Amino acid sequence: MKQQAEQVLGAVGARAWVHAVDLDSGKEVGYGEDGLVVLAGVFKIPVLVELFRRFGDGRLDPGARVDVPVEGRSAGPTGLSVMADPIEISLRDLAYWMMSVSDNAATDILVNLLGTESINATLRELGLTRTRVDGTCDDLYRMMEEDVPGGEGDPETLRAARAVDPERALQSGTPREITRLLAAIWNDEAAGPEQCAEMRRILGLQAWPHRLRSGFTEPGAQVSAKTGTLRFWRNEVGVVEDGGRRYAVAVFVRSDDHEYRRPAADACVGTLGRLAVDHLRSAETRLRTPATARAATPERIRDHARSLGAGIWLHARDLGSGRTVGVGESTPVVTASVLKVPVALELARQCVSGEVDLTERVVVPDEGTVPSPFGLAAHRDPVLVSYRDLAHLMMVISDNVATDLVIDRVGKDRVAALLAGLGLTATAVPQNCAEILAGIDEDLGISYIDDERQLQGMPLERLQALRALAPEQTCRTTPEEITRLLAAIWRDEAADPQACALVRGWMGDQIWPHRLTSGFPADDILVSGKTGTLPLVRNEVGVVEFPDGGRYAVGVFTRTDDPTPNAPHLDALIGWAAAEAVAQLRGERP
């Protein structure tokens, strides 16, 4: 394992600390497993444990309501931290947001409620003597600001910051101790059995697929995990369940590069986790070689997709010169959740015209909602949330519950009129999310909950025949039309400039780094996008903005005959193909 790990790390200029343990046999393997590391967002697991212990012994009511005003929220790139209006939510649903998208605002509410002394006392009780939580996310940001004012500085100043030094950081631990904590949760030792089961459920709902999960692509593999990201550090810890076996894995990677977007470094977290688990089960690990090219031709893009077992339809448009490049760009394609772009535009348009008050709040019930892998469908309790924040959830994490509430408010007929007025005759939104999923229910004879793991063992021909995959029977567009729509939004031509700005803001906050964004890893490149996923379908559309002023609308739609839900090579194909098309438009050469 050591030799392969060093090969992986050498390719990205990084160091790592790794530990994995078979939760059934007790067999373990490590690589710097007792070294002290910066936990970053991984510290939220001890917070989760302390919270659920209090739920279990009655000191806290999991359904207790919390009013979260806008003022005073902890900063962060996701979740309540970036929502625009007050929210009323339960304690256990705060825990969901803390873990699923690493929400700093939700985390700090809970840390301040529990107290770090109690969190650390629980860690000691569970035998973790070197793991500590000595502050909130807000405290961490203040420390970073003191050491690196404005958040920017030369590399040496950044490396010297206390927050990235395990000895001086507010939250630190070791890989071995973190796998011990995970083992306690999976073995019902961290709290009562009911509370441990709920913690496992929440950890299984984490949104990020680009680190640990990317190493485990088998159809039956389940990865329940928590990421951590802070400047040089990219971490993820979790439990991998596959073939009846359970493996607790902790991977902490420190890169020499402080840029936030480094897909190669993210991917090595999954690779190192896979190396460790394969060592425990005496299996060989085969390392995948990433695609390399520059300004690949449309034929090369199509051929590479075919080599991965996928069809690809693509269009890229230079918003300055109007130059374009395409691969089957006039072909009708299924939008999947890309349908949410025109829905968001119509909501923004109605807001500016005074028909919709975005600050109006609605009660979202805890049951009877449309299935969704992320967001409001995972709540245990009702939540009071504004239409503005519903739109944010719809675009940022592709929340189906939020989407259908927005569609109900604006009307499908108004979305159709908007598209017609823009001359987008091949683009249509005839269904909401509930109707798309109901069609899959009917076609397959199951109760589909928007989780492709349900489709294991389903005959491929039945999946291929789904109405949800036939453009003429569902929400549809063409790659060329979607880039025309994006261009109109970015040029303030699709609606009032204020409405267009709202849509650009929502798309700019999207959290997924594993598709379109993976093709543009530099932090000074802005990627605003919207993913779309259905069985056999992976899409993303968006606008890529370069520091030299270049702006490029891109739509990438793929379809495969592989029903495996976790396919990082196909996700990466989207970013690679988009980057190649944009490189052509920018005149870059191999």
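Ala 336 sits in the loop between strand S13 (333-334) and H12. Helices (H or I, at least four residues) and strands (E, at least two) are DSSP runs, numbered from the N terminus. This is a predicted model: local features need pLDDT of at least 70, side-chain atom pairs count only at pLDDT 80 or more, and totals for chains, interfaces and linings use all residues. Residues are numbered from 1 along each chain as its sequence is written, and side-chain values use heavy atoms, with hydrogens and water left out.

Phi of Ala 336 is near 50°, a positive value in a residue other than glycine. Ala 336 has a relative accessible area of 4%, so it is buried. Buried means under 20% relative accessible area, exposed over 50%, and partly exposed in between (1.4 Å probe, protein chains only). Ala 40 also has a phi near 50°, positive although the residue is not glycine. Its place is the loop between strand S3 (37-38) and helix H2 (44-57). Ala 40 counts as buried because its relative accessibility is 6%.

Now turn to Gly 30, in strand S2 (residues 28-31). Its relative accessibility is 31%, so Gly 30 counts as partly exposed. Leaving aside residues up to four places away in sequence, Gly 30 touches Val 18 and His 19. Contact means heavy atoms within 4.5 Å. Gly 30 and His 279 are 249 residues apart in sequence, yet 10.0 Å apart in space, C-alpha to C-alpha.

Next comes helix H19. Its 12 residues (497-508) should span 16 Å at 1.5 Å a residue, and the end C-alpha atoms are 16 Å apart, which agrees. The expected span is 1.5 Å times one less than the number of residues. Which residues of H19 are buried? They are Ala 499, Cys 500, Val 503, Trp 506 and Met 507. Seen down the axis of H19, these buried residues fall within an arc of 125°, so they line one face of the helix. The arc is that of the directions from the helix axis to the C-beta atoms. An α-helix has 3.6 residues a turn, so residues three or four places apart point the same way. The buried residues of H19 pack against helix H12 (340-352), helix H13 (387-396), helix H18 (479-490), S17 and strand S18 (537-545).

On a 1 Å grid over the protein atoms alone, a cavity is a set of points where a 1.4 Å probe fits but cannot get out; a pocket is an open set with protein on both sides within 12 Å along at least five of seven lines; lining residues have an atom within 4 Å of a point. Grid points are joined across faces, edges and corners, and a volume is the space filled by probe spheres set on the points.

The count comes to two cavities of 30 Å³ or more. The largest cavity holds about 50 Å³ of space. Its lining includes Leu 80, Met 83, Trp 97 and His 379. Strands S5 (87-90) and S15 (383-386) are the elements that give two or more residues to this lining. The second largest cavity holds about 40 Å³. Among its lining residues are Thr 78, Met 83, Trp 97 and Ile 511. H13 gives the largest share of that lining, three residues.

The second largest pocket has a volume of about 1,400 Å³. Of its 50 lining residues, the closest to the centre are Pro 77, Thr 78, Tyr 141, Thr 229 and Tyr 260.
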